[in-house]
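Here is a short briefing on a protein model. Look at the structure first, then read the points below.

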Amino acid sequence: MNNIYGFTREKLEEYFLSIGEKKFKALQVFEWLYEKKNHNVEEWSNLKKEIREKIMNDFSFERPKIIRMERDTLTRKYLFELKDNNHIEAVVMYHDYGISLCVSSQVGCNMGCRFCESGRLKKVRNLETFEMVSQILEIEEDIGDRISSVVIMGIGEPLDNYENVLAFIHIINDAKGLALGIRHITLSTSGLVPKIYDLMKENIQINLAVSLHAPNDTIRNQIMKVNQVYNISQLIQAIKDYIAHTNRRVTIEYVMLKGINDSEVCAIELAHVLKGMNIYVNLIPYNETNHINLYKSDAEMISAFCKKLKELGINVTIRKEFGSKISAACGQLRSKEVEK
């Protein structure tokens, strides 16, 4: 049975037309689901009884359930249990400009990045669209507040679950859906070059973040398996083409790993690779985990790296650390549950 939270408004319009009803019924359904947050179909008073019964017969309203939450000062980490007993996680971060939510797109991940806990436990399956939408709905209900921005940066490679992620974006951006502005939605990829071109052609003005994490192929091959398929040269060209086509700035993510990619030489080389591009670099202090023998760069090294990039004309920020006192590294909470 199809889950109603996985249907875009366009798909719901097609459904209503297929049962001989007017397509504006889809708008009414979206208003009940997302504006009024009411999933009790019997209370949908502006829809005829026969239509309500048809909807209840044709759709599931089931949502993944929160089974654990860990809290830090500005962070909440949620563990969800899915209908097949798999687990995913999402992270709430409180900023002075609003509340952001990092959502997962897959159960596990096949990208195998050496520094990432999610990649240590391989991909089980893609998340369905409703399982991504539900992460927002369940957490908004739990915190009693509205999520103001979403980053698709949790467990999984979003572009490896392309169609479901795209439908998710359309639902949360829909004015009658969760009404999140398109520029408040960020998709993070490890660098699936063909899919970056596919996303470029969608002509949606989301924020694109690319996990580069190294200034050259030698280092990137060691820490990111994807580089052995799509190397830095191919990835940089895709980013340049994406920027030219969308006229949108791209974020370059760079996790700071002690003794691996944090030297001044690396900073100089990175600046050379990125010179002249409409990007900014987000330096990410590494969230260490017990299972991975990698360590966070010293604060002084991160500051020096940032200073060198600025000297060389690169826009750069150091990401504020969130959740260092809880299991906030991507995949950490799930791996604890799996190992139990």
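Tyr 5 is buried, and so is Phe 61. Keep in mind that this model is predicted.

**Aromatic rings**
- The whole structure holds nine aromatic pairs.
- Two numbers describe such a pair: the distance of the centres and the angle of the planes.
- Tyr 5 and Tyr 34 make an edge-to-face pair, with 6.1 Å centre to centre and 70° between the planes.
- This pair links distant parts of the chain, 29 residues apart. Tyr 5 is in the loop between strand S1 (2-3) and helix H1 (9-18), while Tyr 34 is in helix H2 (residues 25-35).
- Tyr 34 is buried, as is Tyr 5.
- Why is the pair of Tyr 5 and Phe 61 called edge-to-face? Its planes stand at 85°, and over 60 degrees counts as edge-to-face. The ring centres are 6.5 Å apart.
- Phe 61 lies in the loop between strand S2 (59-60) and strand S3 (65-71), and Tyr 5 in the loop between S1 and H1, so their pair ties together parts that are 56 residues apart in sequence.
- Ring pairs join Tyr 5, Phe 30, Trp 32, Tyr 34, Trp 44 and Phe 61 into a cluster.

**Charges over rings**
- Lys 36 has its charged end over the ring of Trp 32, 3.9 Å from the ring's centre.
- Lys 195 lies over the face of Tyr 162, at 5.0 Å from the ring centre.

**Helix H7**
- Which residues of helix H7 (residues 193-202) are buried? They are Val 193, Ile 196, Leu 199 and Met 200.
- Seen down the axis of H7, these buried residues fall within an arc of 110°, so they line one face of the helix.
- Their cover includes helix H6 (162-173), strand S10 (185-189), strand S11 (207-211) and helix H9 (232-246).
- Asn 203 follows H7 and has a positive phi, near 55°.

**Ile 279**
- Ile 279 is part of strand S13 (residues 279-285).
- Is Ile 279 buried or exposed? Its relative accessibility is 3%, so Ile 279 counts as buried.
- Beyond its neighbours within four places in sequence, Ile 279 contacts Ile 239, Ile 243, Arg 249, Val 250, Ile 252, Leu 274, Ile 314 and Asn 315.
- Ile 243 is 36 residues from Ile 279 in sequence, and the two are 8.7 Å apart in space, C-alpha to C-alpha.

Definitions and conventions:
Residues are numbered from 1 along each chain as its sequence is written. This is a predicted model: local features need pLDDT of at least 70, side-chain atom pairs count only at pLDDT 80 or more; totals for chains, interfaces and linings use all residues. Side-chain values use heavy atoms; hydrogens and water are left out. Buried means under 20% relative accessible area, exposed over 50%, partly exposed in between (1.4 Å probe, protein chains only). Helices (H or I, at least four residues) and strands (E, at least two) are DSSP runs, numbered from the N terminus. The arc is that of the directions from the helix axis to the C-beta atoms. Contact means heavy atoms within 4.5 Å. Rings of Phe, Tyr and Trp (its six-membered ring) pair if their centres lie within 6.5 Å; planes under 30 degrees apart count as stacked, over 60 as edge-to-face and the rest as tilted. A charge sits over a ring if NZ of Lys or CZ of Arg is within 6 Å of the ring centre and within 35 degrees of the ring normal.
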